[in-house]
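Welcome, and thank you for taking a look at this structure. Let us walk through it together, one region at a time.

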Amino acid sequence: MSTENTIEHKIDKADLEGKQEYTITVYAENRIGLLNRIAIIFSKRKINIESLNTSPSEIDGIHRFNIVIHESYEVIRKLARQIEKQIEVLKVYFNTNDEIIWQELALYKVSTDEIAERVTVERLLRQYGASAVVIRKDYTVFAVTGHREETDALVKALEPYELIEFVRSARVAIIKDSAGFHEKLKEFEAFEPGEELVENEFLDKGQKIFTM
C-alpha cells in the first residue's frame, strides 16, 4: 500500500531541517500482536515514544492509534511507510501540532485540608479549570484537560501545597482537515472492490452429486 498520499501537512523549511513534535495516526484492525510490532519499529530505530493511545474509531472493528514522537520530517515519513506495511494497518497519517486538535487528561490528588485552609489553592484550581472528581476527608482528586504545558504548569503551581499524586493520560487527537476515515474506506472499496458472492452451482443438486 502506498503512503505517498498519507501526508496531511504542508512541508516547509523547518520540517526538513530539524526535529519537531509529530502525532502519528494509525487506523488498523484490532489484532493481537500489532501493538508490539509497531513498538518494535520504533525501538529498532532507537526512537522514543512520548505518548501512545489506542481506542475504537468511528468505524466498527477498526481501532485508532495516536503516537507522539519528536523527530524530523524524513524520519517520520519513513516510519509511516514501515507501519503501513503491517497487514492489519489500513492507513497511516502524520501531522504537526498545528494540524490537529488534541487534548490530554490529568488527575491531581491534593490534601483536602490544604484546599480548605488555603484560598490560594482554590484559586489555582479555578484558574486552570480543574473539576473535582472525588472529595474525601483526607484528599480530593481534581481533573484537568488541556495541552501538556497547561497540565505541567498546574503541577508546579501545586507542589508547595501538598500535591500527593499526579498522573496524565496519553494524547487523543483529531486531524483538522480530515473528512473521517470512513470516507477513505469508501475510496479503498471503490478502488479495490471485494469479490461478489457466487452461487454454488451444485447447491441444489443434492444426492445427484454426492451419491456414489
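The patch lies on the surface and is formed by Leu105, Leu107, Val133, Val134 and Val167, with about 370 Å² of accessible area together. Take Leu107 as an example: this residue is found in strand β5. Leu107 has a relative accessible area of 33%, so it is partly exposed. Please keep in mind throughout that this is a predicted model.

Now step back to the whole chain. The protein chain contains eight helices and nine strands. Of its 212 residues, 37% count as buried. The accessible surface of the chain comes to about 13,700 Å², and 52% of this belongs to carbon and sulfur atoms. Among contacts with a separation of 6 or more, 79% are between residues 24 or more positions apart.

Next comes a sheet. Four strands make up an open sheet in the order β2-β3-β1-β4, with antiparallel pairing. Its edge strands are β2 (51–56) and β4 (89–96), each pairing on one side only. On average, neighbouring strands of this sheet are turned by 15° against each other, direction ignored. Between β2 and β3 (residues 62–71), the antiparallel pairing runs over six bridges. Here Asn53 has Asn66 in β3 as its bridge partner.

Two helices belong in this part of the picture. Helix α2 (residues 34–44) lies across β1 (20–29), β2, β3 and β4, and runs at about 15° to β3. Helix α3 (residues 73–84) lies across β1, β3 and β4, running at about 165° to β4.

Is His63 buried or exposed? This residue lies in strand β3, and because its relative accessibility is 19%, under the 20% cut-off, His63 counts as buried. Leaving aside neighbours within four places in sequence, the contacts of His63 include Val26, Tyr27, Ala28 and Thr54.

Lys46 is found in the loop between α2 and β2; although Lys46 is not a glycine, it has a positive phi of about 55°. With 75% relative accessibility, Lys46 counts as exposed. Glu162 sits in the loop between α6 (148–158) and β8 (163–168), and its phi is near 55°, a positive value in a residue other than glycine. Glu162 counts as partly exposed, at 46% relative accessibility.

Follow the chain from β4 to β5 and you pass Glu99, which lies in the loop between these strands. Glu99 is buried, with a relative accessible area of 16%.

Finally, turn to the charged side chains. Side chains of opposite charge can pair when their charged atoms come close. A search of the whole structure finds twelve salt bridges. In one of them, the side chains of Arg37 and Glu88 meet at 2.7 Å, N to O. This pair links distant parts of the chain, with Arg37 in helix α2 and Glu88 in the loop between α3 and β4, 51 residues apart. Arg37 is partly exposed, with a relative accessible area of 29%, whereas Glu88 counts as buried at 10% relative accessibility.

Another salt bridge joins the side chains of Arg168 and Glu104 (3.7 Å, N to O). Arg168 in strand β8 and Glu104 in strand β5 are 64 residues apart, so this pair too links distant parts of the chain. Glu104 is buried, with a relative accessible area of 1%, while Arg168, at 27%, counts as partly exposed. Arg168 also forms a salt bridge with Asp152, the closest N and O atoms being 2.6 Å apart. Asp152 lies in helix α6, 16 residues apart from Arg168, and is partly exposed with a relative accessible area of 31%. Together, Glu104, Arg148, Asp152 and Arg168 are linked in a network of salt bridges.

Note on methods
Residues numbered from 1 in each chain as written. Predicted model: local features only at pLDDT ≥ 70, side-chain atom pairs only at ≥ 80, totals over all residues. Heavy atoms only, no water. Patch = residues over 30% accessible without salt bridge, like charges linked within 9 Å, V, L, I, M, F, W, Y side chains within 5 Å. Areas by Shrake-Rupley, 256 points an atom, 1.4 Å probe, with all protein chains shown as cover. Salt bridge = Lys/Arg side-chain N within 4 Å of Asp/Glu carboxyl O. Buried < 20%, exposed > 50% of the residue type's maximum accessible area, 1.4 Å probe, protein only. Contact = heavy atoms within 4.5 Å. Pairing = 2+ DSSP bridges. Axes fitted to C-alpha atoms, helices over the stretch in contact; angles between N-to-C directions.
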